[in-house]
Amino acid sequence: MNRPDLLFLVCRLQGLRLATSRAGCVKLETICGQLEVNTNTFETPSAAYTTSLFHRSATMSSKLSTGMRGLSSQVGTETSSSSEDDIDDAFSELEGPEVSTDAVQDKKNTFEGNEDELVSDPDLSDDDFMEESSHDTLGLSDTEADPAEKLLTRKKLTSELFNAIVKDPNSSIEDVLSKWVEEGKELGKQEVTAAILGCRKRRMFGRALQLSEWLEKKDEFDFIERDYASRADLIAKVRGLQSAEKYIDKIPKSFKGELIYRTFLANCVTSSNLKKAEEVFNKMRDLDFELTAFTCNQLLLLYKRLDRKKIADVLLLMEKQNVKPTSFTYKLLIDTKGQANDLTGMEEIAETMKAEGLVPDLTTRAIMVGHYVSGGLREKAESILKEMEAGDLKENRWVCRVLLPLYASLGKSDEVARVWEICKASPRLEECLSAIEAYGKLKQIEKAEAVFDKMEQKYKKISSKHYSTLLKVYANNKMLSKGKDLVRRMGEKGCRVGPLTWDAMVKLYVEAGEVEKADSMLQKAVQQNKMKPMFNSYITIMDQYSKRGDVHNAEKMFVRMRQSGYIARMRQFQSLVQAYVNAKVPAYGIRERMKADNIFPNKALAAQLARVDAFRRTAVSDLLD
């Protein structure tokens with residue numbers, strides 16, 4: 001990408017005007033030191049801020065011009081959407097709780113050492129930290145997989161050992177391996193590695209970690225950098241960042257390359273740990289690792305969630321270091337503009353992407369459709385949907401699961417029925433889930449239930465993930481009785497109930513006006529299962545207390561989130577401060593608490609804080625003084 005195009009992206013994100021001189025060069029225009037800002041996007045950074053990418057990291061500014069050396073692996077390549085395997089990520093699952101398409105739920109690590117809870121359902125995949133991955137109907141994810149690892153996962157690897165592990169979920173890995181050897185079967189590194197990849201794909205990270213630990217203990221197997229990186233990634237997912245960092249410190253120096261730190265950085269982003277992520281980034285610069293698109297995209301993803309003012313600085317850094325934006329870079333920027341309701345800016349970024357020879361993939365176009373629907377531009381949304389169909393859907397079945405909920409969001413029941421008719425004869429699991437969600441959006445509950453029954457008949461053993469899709473339909477339609485019956489049905493079927501199901505139950509109770517019941521249910525579930533609830537579960541309850549002005553319970557939820565391992569973010573403080581606003585009481589020390597957590601308020605939160613400032617001065621208070 002040439003300099004004008006990249007500066008254009010920066011200006012679109014910061015709301016700056018581009019001025020072209022008579023000589024034709026592009027520059028950022030400033031008038032008397034004032035920057036023109038689009039109020040729909042981000043605040044103008046201060047002069048002090050613009051001197052450094054990480055204005056709160058004293059060491060960062062000196063690193064912006066550091067030269068880099070090359071790496072053997074190429075990262076940040078375009079993500080294809082031509083098959084259903086495209087959303088399987090072997091190293092990092094970087095979800096964003098604030099993705100406007102509602103495609104991704106917040107996913108985090110479970111409690112340290114709680115590996116027994118990480119064994120997934122034997123037939124269908126669970127998530128290591130929440131018994132299942134959230135159903136991503138659109139196939140959208142705030143994720144950029146390590147491309148080198150993605151190539152491995154896309155190979156149709158078959159592993160007898162993995163099948164043996166799946167069929168015996170109650171036995172330890174040691175027992176499974178011992179039985180394997182007793183049967184006279186070969187147990188080489190290739191077989192174990194294939195089993196680890198199988199566990200990863202099904203999100204059985206606890207099992208994958210146990211296999212990796214067993215593999216490293218065997219002196220006859222040589223560990224290479226990728227093996228160490230995989231192990232560090234699994235430790236981060238299962239036991240947390242601190243344990244992963246300790247493991248990385250013990251890795252032999254000769255194997256502690258860019259892949260190790262890139263993997264750890266991705267996990268820091270997954271955990272939304274801004275301080276640690278910036279620390280790891282600085283470490284990578286100190287070690288003279290080349291600045292890559294993958295690394296920059298991790299920062300963009302992090303700042304998209306936590307500090308959007310820094311996005312433009314990352315783009316400027318990429319321009320300075322000649323790092324070419326990838327499809328994932330554009331996808332993040334398009335979604336960021338859409339979330340800011342700047343649909344014109346979103347379109348301009350999409351056009352810039354095309355001008356660079358990058359065709360928006362299915363997920364990028366789906367994101368745009370979601371934002372067009374939210375913005376009331378139905379014709380533009382429908383136009384993109386027709387482009388996405390691209391001919392005969394029977395030959396492009398993988399598109400159906402994306403189209404179903406998008407047509408439903410437009411209220412087009414005929415289109416939903418047309419697409420489902422193509423899948424109906426022999427539906428795939430993801431198509432069933434998409435159809436259930438679509439009919440739920442259309443308030444056609446009986447049709448959603450019919451699809452669920454069809455799915456249950458075809459796939460004899462389904463997981464909590466699949467039950468939760470129908471449970472959310474009941475929650476969205478305030479059908480508490482049916483929701484409870486479905487949960488009982490899950491129990492009778494021997495289905496594990498974990499964080500994704502809890503989240504649906506929380507919404508079910510909240511929509512029915514039973515906030516206290518949602519609170520007690522979630523607390524009881526945590527105590528009994530020792531698993532980490534989803535971020536959304538906590539914030540849903542907290543927002544309800546906030547609306548009531550119930551400061552005590554809002555503070556209680558704030559503390560519980562921290563105890564569960566969720567670091568403080570602006571979202572929690574917004575809800576907490578609003579509780580004080582609605583209660584009409586001052587929030588003593590709230591600014592100090594935010595500062596301690598490295599949280600700097602945006603305009604909206606600053607306005608909230610002003611209303612609960614115990615020492616604010618008004619015209620009336622001045623008269624009384």
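A contact here means heavy atoms within 4.5 Å.

**Figure 1. Overview of the predicted chain.** In this predicted model, residues 24 or more positions apart account for 71% of the contacts with a separation of 6 or more. The chain holds 30 helices and two strands. Of its 625 residues, 56% are buried.

**Figure 2. Helix 15 and the helices around its buried residues.** Helix 15 runs over residues 362-374, and its 13 residues reach 19 Å from the first C-alpha to the last, close to the 18 Å expected at 1.5 Å a residue. The helix is mostly covered, with ten of the 13 residues buried. Leu362, Thr363 and Thr364 are among the buried residues, as are Ala366, Ile367, Met368, Val369, Gly370, His371 and Tyr372. The buried residues pack against helix 13 (327-339), helix 14 (343-355), helix 16 (378-389) and helix 17 (400-409). Just after helix 15, Gly376 has a positive phi of about 80°.

**Figure 3. The contact between helix 19 and helix 21.** The axes of helix 19 (residues 429-441) and helix 21 (residues 464-476) come within 9 Å and cross at roughly 10°. Angles under 35 degrees count as roughly parallel, and helix 19 and helix 21 are therefore roughly parallel to each other. Helix 19 contributes Leu429, Glu430, Leu433, Ile436, Glu437 and Gly440 to the contact, and helix 21 contributes Lys465, His466, Thr469, Leu470 and Val473. By class, five of these residues are nonpolar, three are polar and three are charged.

Figure 4. In the model, residues 463-497 are 74% helix and 0% strand, with end C-alpha atoms 9 Å apart. Residues 498-533 are 78% helix and 0% strand, and their end C-alpha atoms lie 8 Å apart.

**Figure 5. Positive phi at Asn322.** Asn322 is not a glycine, yet its phi is positive, at about 55°. The residue sits in the loop between helix 12 (311-320) and helix 13. Asn322 is exposed, with a relative accessible area of 70%.

**Figure 6. Positive phi at Lys478.** Lys478, a residue other than glycine, has a positive phi near 55°. Its place is the loop between helix 21 and helix 22 (480-492). With a relative accessible area of 56%, Lys478 is exposed.

Note on methods
Residues are numbered from 1 along each chain as its sequence is written. This is a predicted model: local features need pLDDT of at least 70, side-chain atom pairs count only at pLDDT 80 or more; totals for chains, interfaces and linings use all residues. Side-chain values use heavy atoms; hydrogens and water are left out. Helices (H or I, at least four residues) and strands (E, at least two) are DSSP runs, numbered from the N terminus. The expected span of a helix is 1.5 Å times one less than its number of residues. Buried means under 20% relative accessible area, exposed over 50%, partly exposed in between (1.4 Å probe, protein chains only). Axes are lines fitted to C-alpha atoms, for helices over the stretch in contact, and angles run from 0 to 180 degrees between N-to-C directions. Angles under 35 degrees count as roughly parallel, over 145 as roughly antiparallel, 65 to 115 as roughly perpendicular and the rest as oblique. Ala, Val, Leu, Ile, Met, Phe, Trp, Tyr, Cys and Pro count as nonpolar, Asp, Glu, Lys and Arg as charged, and the others, Gly among them, as polar.
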